[in-house]
Amino acid sequence: MVDIGTLSLILLFGMFALLAIGMPLGLASAFLAVVTLTLKFDMDLLFGTFGRGPLSVLGQAVYRQMTNYVLISVPLFIFMAALLERSGIARDMYGSLNQWLSRTRGGIAIVTSIMAVIMAAMSGIIGGEVVLLGLIALPQMLRLGYDRNLAIGTICASGSLGTMIPPSIVLIFYGLVTETSIKALFTASFLPGFMLASFILIYIIVRTQLNPSLAPLPPDDPDDPKGSEKGLMFLGFLGRMIAWITGVLVLRALFFTVTGDNAVREGTDPIPLGMVSNLPWLIGAFAISLAVIFLVVGRERTARGWEMGKGLVAPIVVIGVVLGSIYGGITGITEAAGMGAIAVFVIGLLRREMTFAIVWDSLMRTLKSTGTIIWVTIGAAALAAAYTLVGGPAYVANMIVGADMPTMGIILVMMVIFLVMGMFMDWVGIVLLIMPVFLPIVVKLPPEEIGWLGSVDARYIPIWFGVVFTMNMQVSFLSPPFGPAAFYLKSVAPPEISITDIFRGFLPFIVLQLLALSVLLIWPPIVTLFL
């Protein structure tokens, strides 16, 4: 029988050794799970009675993960992202954004970042975003003479925003493993996610203003509206969009009023934006949008603005379906993922772009991606269960607490461990292997000592730690030597751009990600502001 300290070292070095020789993470985790129980328990106890004993714990842990209903949302979001990538929705969105910002210094990079935020809010799949942005934006930035490092860093850093911005697959897995409310995690990650996106945008704007040669302006188009004229057209586009949205919401609220479904009843939650009290606000917004169209902008400008911006309509509809159904209390995470996939499919049909070949290819890509995630989940769940059974979490907790470090010192050590593991391991394995060990330690820390500016309510510590962990995983997508964003981009980049060039372009954006992570650690209330 091997003591738990020696066993922990064997697992640590064994994992790195197996990954170094190229063994898949799922298989390496499962193998080490069996090794852990074999070294800790007698062989007869493990294999003597089928279905009982320590070995059966592995099967139970895997079964528990595989039968979690929310897990179904993962392939649905992947399928939705695959359909988006193959259809023309993303390309039209890029074209519309580009028309509005084409005469802005660094406009193509800004458009790329904004497009990445919108795509993150639609599907939350990182690989597909980086590949799609690499196909659409990279050639255009290189053609216009953009600095190569700026172009590469913008695409990969922005393309990985799906880690933070809901509906994030990383947050879904964290919620599954830690039994934390996924809806609360989504709500908490909104502000940090958009904060990181704003850091990227501010960096692009400041850097290109200080050094205009990094982002040359495209040739002037005489037909392109200028200055205030373009601003009025954009205002008309927004007015028309808001008029459609508020008009639909007014009709919806009137329908609920006529049927009596929105009557105030004790013990019944009010219908979001569907109550009688919401009607004056909705009608007011509808009237203001009409006034903007007819009295301020004019019908002709509004029509031209709509033509320039109509590529944004489909993404806004998809975001409204997915996030609106979740926060409106209409469906859960899994159902929202299904509705989003159907919405993209229907929009593709209406645009006459959805063919059998696209659907089949999307299904195959979903199968491959989901299969990889599932096998990693199976192996990591087995290893986590085995390590828990032999007393590993208690040993690690006692070792960390026994080091007599301050609260923030303990958390900073955990952050360093996450950063180092993120360089070599997939985030799925980190969630399943490390969270069952670290989260119980964090929950027991004094909440008033977490952070330097403000603190965290004890009820929200698991949510705060989940968002901090997810921000940490943002860094891992760009971290050498195995930063996956680099290899996603390399698959579609021109041959003259090497992996070394790509990692070099990441450096300023890794600093931005670490800055955002520091904000969450220094000022924790930014995570719990909307909870």
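W427 is buried, at 10% relative accessibility (buried means under 20% relative accessible area with a 1.4 Å probe, protein chains only). The ring centres of F173 and W427 lie 5.4 Å apart with planes at 80°, so the pair is edge-to-face (centres within 6.5 Å make a pair; planes under 30 degrees apart are stacked, over 60 edge-to-face, the rest tilted). F173 belongs to helix α10 (residues 169-178) and W427 to helix α20 (residues 427-444), 254 residues apart. Helices are DSSP runs of H or I with at least four residues, numbered from the N terminus.

The model is predicted; local features need pLDDT of at least 70 and side-chain atom pairs 80 or more, whereas totals for chains, interfaces and linings use all residues. Residues are numbered from 1 along each chain, and side-chain values use heavy atoms, without hydrogens or water.

The whole structure holds 16 aromatic pairs. W100 and F237 form a tilted one, 6.4 Å centre to centre with 40° between the planes. This pair links helix α6 (residues 89-101) to helix α12 (residues 227-259) across 137 residues. W100 is buried at 11%, and F237 is buried at 2%. One aromatic cluster comprises Y174, F418, F438, W464, F465 and F469.

R240 lies over the face of W306, 4.6 Å from the ring centre (the criterion is NZ of Lys or CZ of Arg within 6 Å of the centre and within 35 degrees of the ring normal).

Key. Phe/Tyr/Trp six-rings, centres within 6.5 Å; stacked < 30°, edge-to-face > 60°. Helix = DSSP H or I, 4+ residues; strand = E, 2+ residues; numbered from the N terminus. Buried < 20%, exposed > 50% of the residue type's maximum accessible area, 1.4 Å probe, protein only.
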